[in-house]
Amino acid sequence: SLQIKPLRLSKWLNAASAFLSESQINSIKDFRFISKIQPVSQYIRKDHEESLHKRSLQPARYNNIYGRSFIQNNLMRVPEIHEIGINGTGVLIGLLDSGFNYKAHEAFSHITVIAEYDFVNNDSVTANEADDNDVSSQHSHGTKVLSVIAGYKEHELVGPAFGAEYLLGKTEDVRSETVVEEDNWVAGIEWMENLGADIVSSSLGYNDWYTYEDMDGNTAITTIAADIAVEKGVIVVNSLGNEGNNSWRHMIAPADARGVISVGSVDQNGILSSFSSFGPTYDDRIKPDVVAMGTNVYVATPSTTDQYTFANGTSLACPLVAGAAALLLCVNPELTPHQVMELLKNTAANSDTPDNSYGWGLINVYEAIFAMNPEFPSNFILYDNYPNPLNNSTVITYRLLKDGDVSLKIFNLNGQTIQILTDSYQPTGTYQFRWNGKNNEAKDVASGIYFYQLKLDNSTAVKKMMFIK
């Protein structure tokens, strides 16, 4: 018997990983059901995290609620979106990283973690554990990344998606400079997709065992898995890598994937960070897709309860973009990964002349939302009804961004009111009403074009639908 015990199994890749001796490899390589045997890649993470340069910010418009995290948010115009109540609520975000010490620090006192899993030690705790022989720095990187996207402490640190819910996957082992197993990453993203993640943000990457020629969108197993996740409807955001100052220079997998939003780094002035990796992919596609602030990003200090510091790296730019993507989903939960990518790229600062340094440029979440909904900003968001056309009933959904007096009514081409679905005072939130093709007297209406109108105080929006008997 070969006595091979798999470490990880991947349904998506139809693959397994295991520790194999040379004799075991020779014994199984000719089996008909095995198409390929390759080493599991590892990556030595090159951080650019600590910086001695500290800034003092006094943003007047937002009452300094962001503290020293104002610039990293304001570069993407996030505060204008937060101001009208959009903060990631209703979006499920997965983070793949080195571990997360989220139960101690004040910046995470509000956070909702739906599930967490340690893929390094196969248990349900992603913070450091003595029984796992974790070194003190094990959860440091992931905690900083989590604070950038999800942190909330007034006048200190605010993440763009502080209202979202989170899945946390510990996939990186830092005990030996560091072995980061690709199969842990694949297992992590499969686990998150299975739990219903809308977005997966990964500040990890892989290039050991690979050459630049392998950065073609088809070779690295994390790249393949990332694109499968995108095909399944998950928005995948990945840091481009911190290779700009060394001989590799290029992006690292899975940032080469076609469906992944790969993120480079700029400073507070929008100038490319020297460490940010470059494109193109080996098959000559532009990378990165977009950039965000990755130099002097304000983060929670891991293993403390109330301390903060500054950190550098595309690892920090990545969660900022993932947080921006979550804000887009708040406005329209039906957006596909491709639509989110295109909205962020087409409204970014370099969208007319993308290149392999900045990609399509510094993102602008306000403009991305406005491009998606020209009536934005408003006091509410009125979604398209479904189904449309209808022959039985349809559901009308809207989200109130403030409390107020609300009316929702159906009227015909002549402007006559057919049915009033609601006329009441309603608090901020999301509401759904069903129209069954009847008027106020509960009689069936004729086939034809109808309109539904939503009013909140002095704001009004109208959409069209077709009723077919």
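This is a predicted model: local features need pLDDT of at least 70, side-chain atom pairs count only at pLDDT 80 or more; totals for chains, interfaces and linings use all residues.
Student: What makes helix 5 largely enclosed?

Tutor: Buried means under 20% relative accessible area, and 10 of the 13 residues of helix 5 are buried, so the rest of the structure largely encloses it. Among them are Trp 185, Val 186, Ile 189 and Met 192, along with Glu 182 and Asp 183.

Student: And helix 7, how many of its residues are buried?

Tutor: 18 of the 18, so helix 7 is largely enclosed as well.

Student: Why is Cys 318 called buried?

Tutor: Its relative accessibility is 0%, and the cut-off is under 20%. Cys 330 is buried too, with 6%.

Student: How many disulfides are there?

Tutor: The count is 0; a pair would need its cysteine sulfur atoms within 2.5 Å.

Student: Why are helix 7 and helix 9 called roughly parallel?

Tutor: Their axes cross at roughly 25° and come within 10 Å. Angles under 35 degrees count as roughly parallel, so that is what this pair is called. The crossing is right-handed.

Student: Which residues meet there?

Tutor: From helix 7, Ala 324, Leu 327, Leu 328 and Val 331; from helix 9, Val 365, Ala 368, Ile 369 and Met 372. In an α-helix, residues three or four places apart point the same way, because there are 3.6 residues a turn.

How values were computed: Residues are numbered from 1 along each chain as its sequence is written. Side-chain values use heavy atoms; hydrogens and water are left out. Buried means under 20% relative accessible area, exposed over 50%, partly exposed in between (1.4 Å probe, protein chains only). Helices (H or I, at least four residues) and strands (E, at least two) are DSSP runs, numbered from the N terminus. Axes are lines fitted to C-alpha atoms, for helices over the stretch in contact, and angles run from 0 to 180 degrees between N-to-C directions. Angles under 35 degrees count as roughly parallel, over 145 as roughly antiparallel, 65 to 115 as roughly perpendicular and the rest as oblique. A crossing is left-handed if the near helix is turned anticlockwise from the far one by less than a right angle, and right-handed if clockwise. Contact means heavy atoms within 4.5 Å.
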